[in-house]
Amino acid sequence: MASFTKVLSLLEKLNLDIGTDPLSGAEESVLEKVSTEMQDDKWASRNDFWDALTSHSITPQSLVTFCDDVLQSGNTNTKFNAAKLYLALLSIEGSKFYSIWNLSAYRQCLGALKLFILAHDTQGKVSTVKKKKKDAADKDNENVQERMSDIPHILGLLCRGLTTSSLENEEEALIYTIEVLASLTRFTYDEEKSRGKYKQSDNISEIHRLSYKGISTLFQPYHGPVNKTCGVILKNLLPNILMNFVGGKGGAVIPKPIKSVREEAVSWIVKNKEQITQIPSLVKHICLGTPDKAEYRALACQTVLEFVDLMSQTELYELVQFITKLSMNQKMSLRQFSVDLVTSMLSQDFIQQTHTDESGKEVRLSCLLLKVLVERTSDKFPGVRSKALASVSQVLESLEAVKADDPLRIDVRNVFFPASPSESPSKLDMVTIAKRRTNDDKCTVRKSAIQLLSVLGKLQQQEPSVQTLQQIK
């Protein structure tokens, strides 16, 4: 109760009709104290606050206008404090009745969070602007970074506010909110950029947690059609999964914090799988957008396999068809990724499924994937040829752990060693392919081909029908 009285007393000291005039030092101090007091969760249920305001000759609307004015014209510190105050008002029970919702003020609150994101992303970058402007920008960035401890409080208030105010009729504000929250889920600590000034703390994990809490709050019918909102959310979380955002792009080795960003995004999607219907589309975007680096491709394959478990049989067949087309794409990097992905998928149980195609013929997913590897052994790019040959070796070696009547072993026999081989690349037997690749003009391909021949030699002990040794000789 003491806090309640204190807040009302402090509010009486504010000049609510300040307009665009700057706050005095005393008023800045009052605003900071009020916003700090009202960030506590207990205020959410204080619906008697509105009557108390009136009894102190303060109208709710005058408070909203004051916050909006400060958010538009105040300095960094007053903007953060005004954002906390406005979102605290928005989150109090009964705010809807008193028309606390104000689009301008709400957007400015998101803008305050955006300031933090921009300050983090631009810190340490070389600027081409004049020195005075650069120094001023650096100082602003430092001021924003010093308010990092406020970010979890603002996010907590935002989450509370989103439970009292619907964005169903504010599509632009909904999209902007998702963009800002998704950007905050990508916030990571960089000691080199921070130059030792800002120590890593639990604030970062709390920022991520509250950002996803806000996204989950928006992922409700209360804020509009869930399916439409879901599409916007997945679009903004895609950079997290691909790890190609600012700070994510880098060398061949991906820093652990960046990997954690990916894991959090994947975890959130899996957790909300019952409501997400765009998983197949998301998987396709992952395939098309993965950076052309080994570790990125490996993690992308891992992500796809996690999402495969959430897809229906028809969706899986369509995905395999998509991968087949991807393996013939003009871009070498996509063909190479398709080989990586096929190799990963061939170790999964779902490939044993059959599907009836457009002509009414039953096809096995494993056969379609194995044919991709056969085709890529003749790719025009040596890196893809070498990888395809190595993948074939990996598949054949994995047969040692399966039974003789295992469906995958039968499919491998039918695809890699067809009963009636021909000169068509897709119908050549694997021994002939390997022998031809030993004469390839690239040493990496020749090496992979020799390794494959070695594996094929061992295979004859398990597959007497495959006359490998004689063909090799």
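1. In this note, buried means under 20% relative accessible area, exposed means over 50%, and partly exposed lies in between (1.4 Å probe, protein chains only). The model is predicted, so local features need pLDDT of at least 70 and side-chain atom pairs count only at pLDDT 80 or more, while totals for chains, interfaces and linings use all residues. Residues are numbered from 1 along each chain as its sequence is written, and side-chain values use heavy atoms, with hydrogens and water left out.

2. Met243 is buried, at a relative accessible area of 2%. The residue sits in the loop between helix 12 (226-242) and helix 13 (256-271); helices here are DSSP runs (H or I, at least four residues), numbered from the N terminus. Although Met243 is not a glycine, its phi is positive, about 60°. Most residues other than glycine have a negative phi.

3. Ser99 likewise is not a glycine and has a positive phi, of about 55°. Its position is the loop between helix 5 (76-91) and helix 6 (103-122). With 45% relative accessibility, Ser99 counts as partly exposed.

4. Ser165 belongs to the loop between helix 8 (150-164) and helix 9 (171-184). Its relative accessible area is 7%, and Ser165 is therefore buried. Leaving aside residues up to four places away in sequence, Ser165 touches Leu90, Trp101, Tyr222 and His223, where contact means heavy atoms within 4.5 Å.

5. A nonpolar core is a set of buried Ala, Val, Leu, Ile, Met, Phe, Trp, Tyr and Cys residues joined through side-chain atoms within 4.5 Å. The largest such core has 140 residues, and Met38, Phe49, Tyr86, Leu396 and Phe416 have the most contacts inside it. Apart from it lies another core of seven residues, including Met243, Phe245, Tyr296 and Leu299.

6. Helix 14 (residues 279-289) packs with helix 16 (residues 313-326) at an angle of about 20°, the axes being 11 Å apart. Axes are lines fitted to C-alpha atoms over the stretch in contact, and angles run from 0 to 180 degrees between N-to-C directions. Helix 14 and helix 16 are therefore roughly parallel, a term for angles under 35 degrees.

7. The contact joins Pro280, Val283, Lys284, Cys287 and Leu288 of helix 14 to Glu315, Leu319, Phe322 and Leu326 of helix 16. By class, the contact of helix 14 with helix 16 comprises seven nonpolar, no polar and two charged residues; Ala, Val, Leu, Ile, Met, Phe, Trp, Tyr, Cys and Pro count as nonpolar, Asp, Glu, Lys and Arg as charged, and the others, Gly among them, as polar.

Definitions and conventions
Helix = DSSP H or I, 4+ residues; strand = E, 2+ residues; numbered from the N terminus. Parallel < 35°, antiparallel > 145°, perpendicular 65-115°, else oblique.
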